Amino acid sequence: MSAEALKCKECAATYPLDAHYVCERCFGPLEVAYTKPELDAAELKRRIQGGPLNLWRYADFLPVERPQSALPAGMTPLVRADRLAERLGLGEVWVKNETTNPTHSFKDRVVSVALRRSVELGFETVACASTGNLANSVAAHAAAAGLPAYVFIPANLEEEKILATGAYGAKVVAVRGNYDDVNRLCMEVSAERPWAFVNVNVRPYYAEGSKTLAFEIAEQLGWELPSRIVAPIASGSLFTKLARGFEEFTDAGLLSGELPVMNGAQAQGCSPVAEAFAENRNFCRPVKPDTIAKSLAIGNPADGPYAADLARRTGGAVDAVTDDEIRAGIRLLAETTGIFTETAGGVTTAVLAKLAARGDIDPSERVVICITGDGLKTIDTVRGTFAVHEIEPTVEAFEAGLETELRAAV
Ligand SMILES: *Cc1c(COP(=O)(O)O)cnc(C)c1O
Ligand SMILES: [Zn+2]
């Protein structure tokens with residue numbers, strides 16, 4: 001298959017494959033439409049397996065002409081998490097560990113595709129509106145490609161994310177406002193300047209990058225579908241494109257069976273999609289975010305209604321968890337898998353725990369949770385959640401310390 005046009009998700013009007021993101025007729029969002037696969041499943045599988053060990057192995061399903069990047073992303077580990085499953089009373093749980101991407105979040109996937117397409121469209125400067133991880137990723141991939149980058153972020157972002165972005169040489173623009181203010185500003189700037197804003201004017205290409213997460217999960221499970229996915233929702237793009245990835249592989253004959261049950265995860269301090277799901281609405285009421293899960297703090301999510309609909313269609317749900325549950329989720333994942341995640345992964349793990357406690361998950365299910373970012377980026381959230389034992393440098397002090405620790409533990 002190959003990319004054929006940009007198509008309106010609402011009215012199906014089509015446009016050429018350039019830098020457009022809204023339908024001129026109905027203002028609906030545009031996405032990439034493809035021709036039917038020309039190759040049979042065996043040939044497609046052979047091409048994938050013979051491809052590079054990064055997301056470009058799925059180039060037949062991506063909207064670029066020359067698949068390449070100077071900072072390859074993807075092919076992250078899918079690890080079986082038996083200790084986590086046991087702790088929650090579940091059968092089979094797998095963790096898709098996206099922290100191993102070049103800038104430690106799943107955003108390297110979407111940026112790879114958006115940046116490549118932007119270069120093909122002739123853009124010479126890249127930019128983005130970011131809740132943090134995207135800024136990091138755009139800055140790094142632009143540096144590797146030798147392109148100037150402007151990243152727009154809310155001024156109150158975690159310092160770790162700001163520092164790690166500036167280090168790549170990107171121009172960091174800290175906007176006094178929340179993400180939704182940043183996004184609106186970027187829409188206005190993108191109308192004025194010939195820049196590729198990866199999640200604004202080239203958003204249809206950006207969004208396609210998320211499908212590769214689903215492609216990898218299926219390939220790593222031995223070309224099988226999981227029964228359930230738990231994934232975080234900010235704008236809802238990742239969540240909806242995961243399902244699209246499974247559908248495209250199924251349509252191409254690479255997989256068979258039903259879509260997985262799709263469970264979305266949000267923070268209670270910013271849960272417009274969970275609210276729309278709970279109230280059975282087909283629109284999201286914008287909220288003012290107030291949560292430690294800053295990477296998910298989008299109060300007016302562009303793909304929110306599609307995400308809520310997907311959860312309904314697949315028999316899933318969209319749940320929200322408190323900041324305390326998020327901290328507990330981070331610790332639970334770290335203690336049972338050795339994977340230290342940022343707050344977004346805490347949200348996802350906490351929602352898994354909630355589904356397990358509610359009895360929503362059958363022990364026979366194969367569940368995959370998507371851990372989308374690294375704990376070192378939100379290190380402050382674990383401060384004070386454990387004790388550090390300071391002692392004098394003597395064996396006696398150590399033995400005495402052990403005793404108190406043992407006493408404290410009983
Ligand atoms: C961006 C992001 C997401 C999901 O974002 P969507 O806008 O819903 O695609 C999830 N986790 C992390 C860590 C992110 O940075
Ligand atoms: Zn339209």
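At what angle do helix H3 and helix H4 pack, and how far apart are their axes? Hello everyone, let's start there. One reminder before the answer: this is a predicted model.

Helix H3 covers residues 107-120 and helix H4 covers residues 133-145; the angle between them is about 45°, and their axes are 9 Å apart. H3 and H4 are therefore oblique to each other. As for handedness, the H3 and H4 crossing is right-handed. On the H3 side, the contact is made by Lys-107, Asp-108, Val-111, Ser-112 and Leu-115. H4 contributes Asn-133, Leu-134, Ser-137, Val-138, His-141, Ala-142 and Ala-145. Sorted by class, the residues of this H3 and H4 contact are six nonpolar, four polar and two charged.

Please keep Lys-107 and Asn-133 in mind, and let's turn to ligand 1. There are 15 residues around ligand 1, and those that come nearest are Lys-107, Ala-234, Ser-235, Leu-238 and Thr-372. Now for some polar atoms. In Asn-133, a side-chain N or O atom sits 2.9 Å from an oxygen atom of ligand 1. With Leu-238 it is a backbone N or O atom, 2.8 Å from a ligand 1 oxygen atom. Thr-372 places a polar side-chain atom 2.7 Å from a nitrogen atom of ligand 1.

H9 spans residues 237-251, and its axis comes within 7 Å of the axis of helix H8, residues 211-220, with a crossing of roughly 50°. That angle makes H8 oblique to H9. Here too we have a handedness to report: H8 and H9 cross in a right-handed way. From H8, the contact uses Lys-211, Leu-213, Ala-214, Phe-215, Ile-217 and Ala-218. The residues of the H8 and H9 contact comprise nine nonpolar, one polar and four charged.

So what else does H9 pack against, and at what angle? Its partner here is helix H11, residues 304-313, at about 50° and with the axes 8 Å apart. H9 and H11 are therefore oblique to each other. H9 brings Phe-239, Thr-240, Ala-243 and Glu-247 to this contact, while H11 brings Tyr-306, Ala-307, Leu-310, Ala-311 and Arg-313. By class, that contact has six nonpolar, one polar and two charged residues.

Methods: Residues numbered from 1 in each chain as written. Chains lettered and ligands numbered in written order. Predicted model: local features only at pLDDT ≥ 70, side-chain atom pairs only at ≥ 80, totals over all residues. Heavy atoms only, no water. Axes fitted to C-alpha atoms, helices over the stretch in contact; angles between N-to-C directions. Helix = DSSP H or I, 4+ residues; strand = E, 2+ residues; numbered from the N terminus. Parallel < 35°, antiparallel > 145°, perpendicular 65-115°, else oblique. Left-handed = near helix turned anticlockwise from the far one by under 90°. Contact = heavy atoms within 4.5 Å. Nonpolar A, V, L, I, M, F, W, Y, C, P; charged D, E, K, R; others polar. Near = heavy atom within 4 Å. Polar contact = N/O pair within 3.5 Å; in protein donor to acceptor, adjacent residues only side chain to side chain.
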